[in-house]
Amino acid sequence: RLRVTTGEQSNTSVILPAPTSPAESLGEQDAATGDLIVKLLRVLEHGRNPDVELSVALARSGWDRVRTPVAWSTLAWTRTGGCGQPALDESTDSAVACSFVPRADDGFELFCSLASTDDVDGPVRARAVDLARDLGRTTAQMHHHLAVSLGTSRPPAPVELAAALRKRARWALEEVPEISGHIQALELRVEQALERLEALEALEPATRIHGDYHLGQVLHEVGGQQRWYVLDFEGEPLRPLAQRREPDQPLRDVAGMLRSFDYAAAVGKAPDPTWLPAVRAAFLAGYRSSSEGPGGEEGETVLAALELDKALYEAVYEARNRPDWSAIPRRGLKALTGAGLRG
C-alpha cells in the first residue's frame with residue numbers, strides 16, 4: 001500500500017493510503033484517519049525541526065491551510081564529548097505524518113500553465129489574478145497564526161539588517177561577477193536600496209516565518225473549498241537548524257513568493273509582458289488586505305531590499321546548478337533596480 005513520492009526533494013516522503021479493510025490497518029491508522037503522507041527527515045540536527053514545530057503550532061491554532069500533523073517521531077542520543085568535553089544529551093525530530101491532500105495542483109506547475117495559456121483579458125488571466133490574490137491572503141493568514149502561536153520578538157535595527165544584506169550582496173557579486181557586467185551600475189543600485197533601508201526608524205516585530213517560501217511549497221485544492229495549502233516549513237535545508245528557527249521579517253516570505261512568480265512567467269513562457277506584473281500586484285494586494293504588517297513606503301523599502309537579496313542569491317544558485325536559467329534572476333535584478341540590461 002505504501003508509495004514513495006517522486007521528484008526532487010530534500011527529504012523522503014511516503015504516502016500511506018487509508019486502509020480499506022481491517023487486514024490493511026497499520027496501528028492507529030484506520031479508514032477514518034484518511035490518507036497520510038509521512039516525511040522522513042534526512043538531515044538530523046539537535047533541536048525541534050521547523051517542519052514539525054510550525055505545522056503543529058499552525059494546526060493547533062485552528063488554521064485550515066496546513067496539512068494536519070497526526071504523529072511525529074523523535075530520536076534521542078548521547079553525544080560523546082571529546083578532549084575532556086562532557087557528554088551531551090540531544091534529540092531531534094526524525095519524521096512527521098500529516099493528512100494527505102489527494103486532489104491538488106502544485107502551485108508552480110499551476111502558474112506555469114496559466115502563464116503559458118494566458119489570454120490577457122480573458123478567463124485564464126482572470127483566474128491567475130484571483131489565485132494570486134487568494135495566495136496573498138493565505139500568506140498573510142500564515143504569518144498572523146505564526147505570530148499568535150509562537151510569539152514575536154524584537155527585530156534587529158534597520159542598520160543591522162542592511163549590514164547583513166550588504167554582506168550577502170558582496171558575496172553574491174564575488175561569486176558571480178558577470179552579473180555586474182550584464183546590469184548597469186548594479187552595485188550602486190543595490191547600495192542605494194540598502195541605504196534607504198538603513199534610513200528607517202525601526203522594523204516590524206520579528207516572527208517565525210516559512211523560510212523557503214515559493215510556489216513549489218503550496219498546493220491548490222481541486223474540488224472542495226479550492227483553498228491553498230502551505231507545505232514544508234523546514235526552511236532552506238542546507239542552512240544550520242539553529243538559523244532556520246530564528247525569527248525573521250515576514251516580508252522575507254513575501255519576497256520569496258514574488259521571485260517565484262518570475263520563475264513561473266519564464267518557465268511558462270508567458271506570451272504577454274503584462275502577466276507577471278498582474279499576478280505580482282494581485283498577490284501583494286491580497287497580502288496587504290489581510291496583513292497587519294508594514295504598508296506604504298516603509299513596507300516597500302523593506303520588501304525591495306529583501307527581494308533584491310533573494311534575486312542575488314538566485315543568481316549564485318543558478319550559476320552553480322542551472323546555468324541555463326541564469327537569465328531569470330538577471331532579468332529580476334534589472335527590474336528590481338530599474339537598471340538596463342547589457343547584452
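Student: Let's start with strand S2 (residues 12-16): how many of its five residues are buried?
Tutor: This is a predicted model, so keep in mind that we're reading a prediction. Buried here means under 20% relative accessible area. Strand S2 is mostly covered, and the number of its residues that are buried is four.

Student: Which residue in S2 is the bridge partner of Arg-3?
Tutor: Begin with the strands themselves: S1 (residues 3-4) and S2 pair in the antiparallel sense, with two bridges between them. For Arg-3, the bridge partner in S2 is Ile-15.

Student: What stands opposite Val-14 in S3?
Tutor: S2 also runs antiparallel to strand S3 (residues 36-40), and five bridges join the two. Look across from Val-14 into S3 and you'll find Val-38.

Student: Is His-220 buried or exposed?
Tutor: First find the residue: His-220 sits in strand S9 (residues 218-221). Leaving out residues up to four places away in sequence, His-220 touches a list of residues that includes Arg-103, Asp-105, Leu-131 and Trp-228. Its relative accessible area is 3%, and the cut-off is under 20%, so His-220 counts as buried.

Student: Where in the protein is confidence highest?
Tutor: Across the protein, the mean pLDDT is 90, and 93% of the residues reach 70 or more. The lowest confidence is in helix H7 (residues 241-244), with a mean of 86. At the other end, with a mean of 98, confidence is highest in helix H2 (residues 107-116).

Note on methods. Residues are numbered from 1 along each chain as its sequence is written. This is a predicted model: local features need pLDDT of at least 70, side-chain atom pairs count only at pLDDT 80 or more; totals for chains, interfaces and linings use all residues. Side-chain values use heavy atoms; hydrogens and water are left out. pLDDT is the predictor's confidence in each residue, from 0 to 100. Buried means under 20% relative accessible area, exposed over 50%, partly exposed in between (1.4 Å probe, protein chains only). Two strands pair if DSSP finds at least two bridges between them. Contact means heavy atoms within 4.5 Å.
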